[in-house]
Every structure is written in C-alpha cells, then in structure tokens.
Amino acid sequence: LQQLHKTLPPFQPIIPVSLLPYLAFILLTLTFGLAFYFSTLPKGTVKESTVAILASVLGGFGTVAMFCTVGVYV
Amino acid sequence: MVMHRYWLHLSTVVLSLALPSWASFENTAVVRSIDLGGSLVYTTTTYNVKALEDGSNVYVFALTEREQETTNWMEARVKGHSVPLSLENHGLSHEYVLDLTLLLWYIVAEVITYSTTYYYSVALPKALDTNQTANLVLETVQTHATYPFPPEAAQDDRQALKYDTDLFVLSPYKTLVQRTKFKTVGFPILSYTEPKGVAFTTGSIATKSNTGSAVTYGPFHDLPPSSNPAFLEENQQKISIHYEFGFPMLSVKTLRRVAEISHWGANLNIQDEIHLYNAGPKLKGQFSRLEHQAQAYQRRPAPHVLTELALQLPAGIHSAYYYDTIGNVSTSHLRVVPSASQGGLPGRNSILELRPRYPLLGGWNYSFTLGWDSPLEDYAGWDAEKGRYVASVPIMTLFGGSVVEDAEVKVILPEASIDVEVSAPFSPSSFSSSTHTTYLDTTGRPAVVFKYKNLTDKHTGVIYIAYKVPLSAHLKKPTAVGIALFGAFFVAFLWKRVDLRLEK
C-alpha cells in the first residue's frame, strides 16, 4: 500500500472547504426563513409538507457545513 | 568427600536447514561500538568475516541473554550498503553442557547447564568461496538497559547512569581479534569495571580515552567459538560503565493516539494523550521552588530536571491544542511550517515548544493531551482504479531519545466506510476494530486500533489504510440532521391540527 499511496492524486472533497462557511450561512438563513414562512401557513397539507421538506434538507446540509466551519469536522 | 568433575560437552545443536555448520566462517575481527545515551543505547557491531568453505552464504549472529532482553530493534547490513539484510530469529539455542560430579565414587550428581544464547541468521547477498571476505554490520537499539545510579539525587546534583553488559561479543565462529568500545555523547565516564583473570589477552584490558568519554575493552585474541555454554561459564563476565548524562531521561509510559478522518471537512485530526515520566534519579528531599528559580536565573539548569520540551509535529497543521487534567496549558508556542500541498518545502517539521505546567523532576509523572488539525489532502489519496481512498497516519510523535512503552493508535474512518484494508510498517502486538460514535453519527464510524510496545525513534513509521466511502454513506449526515429537523416540522404540523380548547 505504501507505494500506491505515493502515486495517488491527493484527496479532493466534494465541496471545497473554503466554500463551507459561506454555504453554511446561506443554507441556514434560508432554513430559518422557510421555518418562519412555515409558521405563517394556514392548514393545507401539500404546501406545508413541501416547505417542511425543503427546510429540512437545507437545514441538514447547513448544519453539517456549520459544524465544519467552527472546527468540529464531522 | 572426593569429588571428580567430568565435563562432557554434548553440543547437540539442533541443526535445522537454516543453521549451517560452525566451521564455515571465521571472524577475522569483531569490533563492537556502544553509544551510551539516556534511555536508549545504540550498539554497532562490525564483523569482518572470512569464509572457510565454498558456497557459504548463511551467517549466524549470537546474542547474550542480557542483550536479547533489552534489544528492541535490530538491523543487519553488509557494510557500505544501505539495504538491510533480513534477519531470521532462531530463538534460544539448544546447546547444553552436562556436568557429572562423582561424590564418594558412586553417587552421581548431574548438573545440566543450558545455553542462554540466542541465534539470528542472515543470508548474504552473494555466497562466499573459501578465503573470501565480507564485512557485516549489526546495529541494535537497546531500551531499559541503563538505570540511574545513584538512584536518588538532590535537586542540584549531577545525573549519572549505569549500563551493564557482557565482556565478550559472542559468535558461533572462531574470532581472531575482538574489541569493545563504549562512548558517551561527550559526558565523562565516572568509572568502569576492570575485569580480573581474563584469558585471551596480554597487557591491560580496559583503557580510557584521552577525552575521558570513551573506554575500550580489548583487544582479545584468538577466541574459540564463544556462544556455547562451556565458554560462557568459564569466561563471560559482566562489566558496568558508570557515566554522567546531562539531559533529562524521558520515557513515555503510555501514548494514546486517535486519528479522525473527516471527508466533509477534508481534515485529519490527530490527538495524542501522553503520560510522560522522568526516568532519571528520584528526587532526594523536597522540591524547592527557590532553588529551581535560582537555577533558572543563574543559567545552571540541573541535568535531570525537565522544564521545556520541543516536539516535531508534521508540516501544514493548524489549530493545535494542549491541555491536561486541570485545563488548557497556555505555555506553548507552535511554529508552523507549510506543507507540500500548501507550497512549502518537503521534509520539514513544525515545532511545538511546550513548557509543562510544572518542571518534571526524577520519578515525576505528567499527563497531557496534545492535538492538531491538518488538511486531509496531505494524507489521503484517491485510488480511481478500485474506487477507494488510501490514507496515511503517522504512528507517533517523536520524543527524541526516549522510549514509548505502551502505544495505541486508533484510526477513525468516515461513517459507514467499507472494504477496509490496513498495512502497518511493523507488526503490532494487537490489532482490533471497533465502532466509534461522535457528533452527527447514526450508525457510528469504524475504527481500527493498533497496539504497540516499546517504540523508539527507529519506529517512526506510517500506517496506511484503504477504505471505500459510498455516496450514500457520505450523505448520511445531512439526511440524519434533515430528518431530525423534519421531525420538528412534523410536530408543528400536528400541533396545528389538534384542538386543545376547553370550550368551543
């Protein structure tokens, strides 16, 4: 394995690390904005579900990016 | 009582295919050079060998029991070549000596003396014909071979160590001339054993050098094959060298290293939990802070007191932290060197200068945790052929001139990694795998644990790990957080539809 390791190209993350702070900020503000919007919606399953799902997905990625920005490196 | 002693030399060496006859080589000269350090002793033995038979190509080294116990690392080479020869360990020899004692003419007491020699063999790269010569070099590192003597010292006393070894270098072949030389790193040798009644020599046995920091024993002429028990009983003697040593003798009692690989943050975090022990002479009396400050002010530090430590850490690191059981220790200074991927020169190390919370005197312990983050680009690569990542993790931080008694290296791979393959530079005393759960984990991360004993600065190797991370595993974290957030939205969703009014 040692010889193989010397010849391999270096590791590239899927999302470059320098972008992570900005990504975290944008995604989390969108998440909080959508959560606020969700709280103003009247009862109507379809619209509520889509907003909830969208907010959750954005929040998921935003939280992981936030963890990496502050140095926890999950 | 009349006693007659009959020596019966029953040299029944079990001749396996690897051990040749003892008549195939002759040592024309054997020179052993011992460099006396603090915790570590470096031995270099040069054998000038002459072949007595055609086609001789397996040479056997012999180690005494004392050497075998303390030797930690051994390498054999042909002098001038840098590629080491592979050593084969044959263990304890099977020779023994039968000593028949006749008491009162009819009571026979048998005493069997078993051999205490250990054999190692090397295959020479080129077989030698009769009267052809070769020079072989055997290098070893010995740990726990020196001890502080006197075992207690006051705060302002000098530090002196004692090293015990055997007078003769053993060899299963005849030796024409042999000598042993002990050297310190410039510190004076206080005393050395002057052996009495030693055969094979004329004139003085031990001579001290002009500088006072080296002693030579020998030369000894015309030794017969010396690794059999008969020779050992008659001639082998213990010699001790008592010398001064001017640096603190450090030993690392335990080292727990945790290396965590993160793919989301492209980061390798290495954390060392170190238990440091000063193996020098124990403190006699109380520790006087006044005396300590006076020594620092007058610039005459005691040789066995550790106040500062400079560690070499990898290049390109950032966010280093150093804390102990009380809390963060701020008396440290990290000088970072950019790594190769950051545009720095290769082969350079960052330096961390630590001042422990209190000075370490002889016999004192100090435990602390040291960690840092480094970019994963410096350590891991992507193998496109097999679709896997290969990461390298250094085994230990080098504490110069000291021995790590118990080391454990735990490498934590990203969540749900599969197809893990490891390659360690030298075999660990135990290897296991477990699951480690940390922030934002659902199924936990696979961790591989290597345990080692007695590592020295010859053991600074790198562990290579290959693993696969499928995309589904990589996305586990955001989806886990997303599901948790959706749970909160779901509760709000239900909350709107539940009527908790008491009256309509």
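1. Basis. The model is predicted, so local features need pLDDT of at least 70 and side-chain atom pairs count only at pLDDT 80 or more, while totals for chains, interfaces and linings use all residues. Residues are numbered from 1 along each chain as its sequence is written, chains are lettered from A and ligands numbered from 1 in the order in which they are written, and side-chain values use heavy atoms, without hydrogens and water.

2. Helices (H or I, at least four residues) and strands (E, at least two) are DSSP runs, numbered from the N terminus. Helix 5 of chain B comprises 22 residues (476-497) and should span 32 Å at 1.5 Å a residue; its end C-alpha atoms are 31 Å apart, which agrees. The expected span is 1.5 Å times one less than the number of residues.

3. Buried denotes under 20% relative accessible area, exposed over 50%, and partly exposed in between (1.4 Å probe, protein chains only). In helix 5 of chain B, the buried residues are B:Lys477, B:Pro478, B:Val481, B:Gly482, B:Phe489 and B:Phe493. They cover an arc of only 155 degrees around the axis, which puts them on the same side of the helix. On the other side, B:Ile483, B:Ala484, B:Val491 and B:Trp495 are exposed.

4. Backbone. A cis peptide bond, with omega about 10 degrees, joins B:Phe149 and B:Pro150. B:Asn454, in strand 32 of chain B, has a positive phi near 55 degrees and is partly exposed at 25% relative accessible area.

Note on methods:
The arc is that of the directions from the helix axis to the C-beta atoms.
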